[in-house]
Amino acid sequence: MDKALERILPAVQKPARYTGGEYNEVVKDKREVKLRMAFCFPDVYEIGMSNLGMRILYGCINAEPDIWCERVFAPWGDMAEQMRENHIPLYALESGDPVSAFDVLGFSLGYEMAYCTVLDMLDMSGIPLRSADRPGLVPLVFAGGTSCCNPEPMAPFLDLMVLGEGEEVDIEVLRLFQKARDEGWEKRRFLAEAARIPGVYVPSLYEPEWNADGTLRAMTPLEGAPERVTKRIVSNLDAAYYPTAPIVPSTEIVHDRVNVELFRGCVRGCRFCQAGYVYRPIRARSAERVIEIGKESLKNTGCQEATLLSLSSSDYKHLTAACDGLLDWCEPQNISLSLPSLRADNFSMELMSRLQKVRRGGLTFAPEAGTQRLRDVINKNVTEEELLNTCRIAFEGGWNAIKLYFMLGLPTETDEDVRGIAELASKVLHVWRQYSPNKQRGVRITVSTSCFIPKPHSPFQWEAQVPMEEYRRRVELLRGSITAKNVSYNWHDADTSFVEAALSRGDRRVADVIEAVWRAGGRMEAWSDYFRFGRWMEAFSSCGLDPAFYASRERAEDELLPWCRIDMGVRTGLLLRERHRAYEARLSPDCRAECSACGAAKLLEEGVCDG
Amino acid sequence: MDKLRLRFRKTGKAVYISHLDLMRVMQRIFLRAGTPIKYSEGFNPHALISICLPLSVGTASECELMDFRVTRDVDLAALPGTLNAVSPEGVRFLEAYEPERRAAQIKWLRMSCGFDYDTRDTSALLPALEAYFASPEVKVTRRTKRGEGEFGLAPHLREMSWTAEPGIVRLECLVSAQEPTVNPELLAASLREHAPELAPDFARFTRLETYDADMAVFR
Ligand code: SF4
């Protein structure tokens, strides 16, 4: 181990997250490989190692024998300080080599609040922050992940961004880069060539122009860059790579278990939900493959828990078959199976009862809105009756803790909708009083609210976020309306929601704000330990920008949006239709009941959805 | 055959795995290797594994001992190899056997200590260090569950042998393993407290061997 590192590790919290050396980590001979990539996750080890996308891409890239992909996470504050004081540059866990020695840095951008951390990781690596300040071809700094669906706020820092699922496009980019490096291309030539790979957005090849009112006038493609960059998907999940020998962390991480992905996409079409639109279309794994992945991963890791992951487990066609198959294998070995993201229906409850012999933990449901009217507005297809019925089964089955998630600030929300949340919670409590076989144990009902953040590529991408004073007023209104002592209420803080809203629909000018916040010491802004609202407000004003312009302004439907060059598969016409239906509180059918011809089917090889 | 003991090495990157984390690491090694380890009864069954003398984070060891239980006979000669094949870097099993003595009988640990001096002349420091630790008065302020207190180190240190190399002074010695447990880090702490001019820029420690009260190697 590096001597300087050896000296600081005893002084920091949880040093095992900075050493690598875990079981199943991929180690190659650096003299033998042709390309070295640093997979950079802009958050701490415990979060990054819990991220399925990172696990998949790490394995998938390393499946190329001549490419070595290593992991880099952001150090927690104490470690970052020690590293800076002792002039230790950011390094990769596998080899311990400094990130600056790599050919390629690939960042995972899953959430906006990690943006400052990307800059900090570049700086800790001694790499200039802006693409324009890195004239050489090497290193290539690129990013992928959900947040790239609005690439603009991070555009100046990245040489290119990949849209959608990375399994195939990442390798295509790496191979082109390898060729460019070996043939000594100029960076410009490489970027122009890379822009021809489907799914690749090269920010420097799109030039924004502004109107006097601050809105976007044009976003002009340069040097033959495509008019629209369409996200990539993997068509056939059964044939796709899946990591069945994942790294087993030697220290605790957030989700320390085997992850089995059931399907991608979602059939539901909740109008507030970015994931429901940008991950379309739905593609399922076969039950056989799910069972095979589960068994192999459990054997290869020694984990005692597996989780079946997807956006909405209940919508998985082969759920019963997959659960049965896995349970047969897991039960005799004391391995537990968990199934998050269930809908509030009878079928799900029966399944939960089978999976959880011991009723540990609570059950979580997300009605999202307190009244049927507002649930219709957001197309959340769950009725009060269904929810209460599910709670009844849960209480009868021995559960005594229920968590209910809602959003405040949804379009058209009134005080009646806010109070409706409290009423729904008290109805749940009433159901418990009526049906719980064991009242002595008491009950815990937790209501949580977050502030609605309009996201790009969702039907609500034109909406204004409610001003924060108004959000706080609604929180207080709800707080006052919840009177039962068995119902507790917690709410998401307004300041972060506001900043997140400004970033998520930001344009290229917001990059200056991100950099200014980083210069003022901002990193790991997703953590309340580090987030400082004042720093963001100062940065916005020093850059001459108004965060409310991005967060709390309703966009005209014909306004040119910063992400206008990105095609996530769904037609803008469909998003508009959904927005208009929202105002009529009119439901749209889910994909299984009736295809809305959203456009996502064209991404599939066969051109038809089958989930 | 029910109760078994494994001797293993914990070095390199693995020295930063905490005691608590190591328990889970071990459980998973056993599961990957297919070792039939025994679990406790009850709602939350846990593997019956215990590490004889928990090691502090950052300290390496050539002689860790771990007791565990199995539900059926295992091939003891093959076990270390089977486990090594599925272990993280730095954890290496050396032998498996049926223990004859309880871990409570461990009394002494042979330690190798390395004291780094980045800018000072180690050959000049050596006699001063020897003299410092030869004193029957050598002590350190130690925090225990009962609060902070003055702790006399001398009776719990033995067989100190010092060597100096450029940049580093090496010490091999015995420290009391139990009753009282003496963390070798206390040696450096004592220097920092009472003889700062002798305090090293960095100190690292490795456990080399375990002994009972009669100085017989403990297995
Ligand atoms: S094309 Fe039809 S079925 Fe496929 S995702 Fe879009 S609406 Fe759903």
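**View 1. Area buried between domain 1 and domain 2 of chain B.** In this predicted model, the two domains of chain B bury about 910 Å² between them. Carbon and sulfur atoms carry 61% of that area. On the side of domain 1, L53(B), T59(B) and C63(B) lose the most area to domain 2. Together these three residues make up 53% of what that side buries.

**View 2. Layout of the two domains of chain B.** The domain assignment places domain 1 at 3-100 and domain 2 at 106-211. Their C-alpha centres lie 29 Å apart. Twelve residues of domain 1 are in contact with twelve residues of domain 2.

View 3. R207(B) forms a salt bridge with E64(B). The closest N and O atoms of that pair are 2.8 Å apart. The side of domain 1 that touches domain 2 has seven nonpolar, three polar and two charged residues.

**View 4. Residues around the ligand.** The shell draws on chain A: R280(A), C591(A), C595(A), S596(A), A597(A), C598(A), A601(A) and C609(A). By class, six residues of the shell are nonpolar, one is polar and one is charged. Cys counts as nonpolar in this scheme, so C591(A), C595(A), C598(A) and C609(A) fall in that class.

Key
Residues are numbered from 1 along each chain as its sequence is written. Chains are lettered from A and ligands numbered from 1 in the order in which they are written. This is a predicted model: local features need pLDDT of at least 70, side-chain atom pairs count only at pLDDT 80 or more; totals for chains, interfaces and linings use all residues. Side-chain values use heavy atoms; hydrogens and water are left out. Domain bounds come from an automatic or database domain assignment. Contact means heavy atoms within 4.5 Å. Buried area is the accessible area (1.4 Å probe) that two parts lose on being put together, summed over both. A salt bridge is a side-chain nitrogen of Lys or Arg within 4 Å of a carboxyl oxygen of Asp or Glu. A residue is near a molecule or strand if one of its heavy atoms lies within 4 Å of it.
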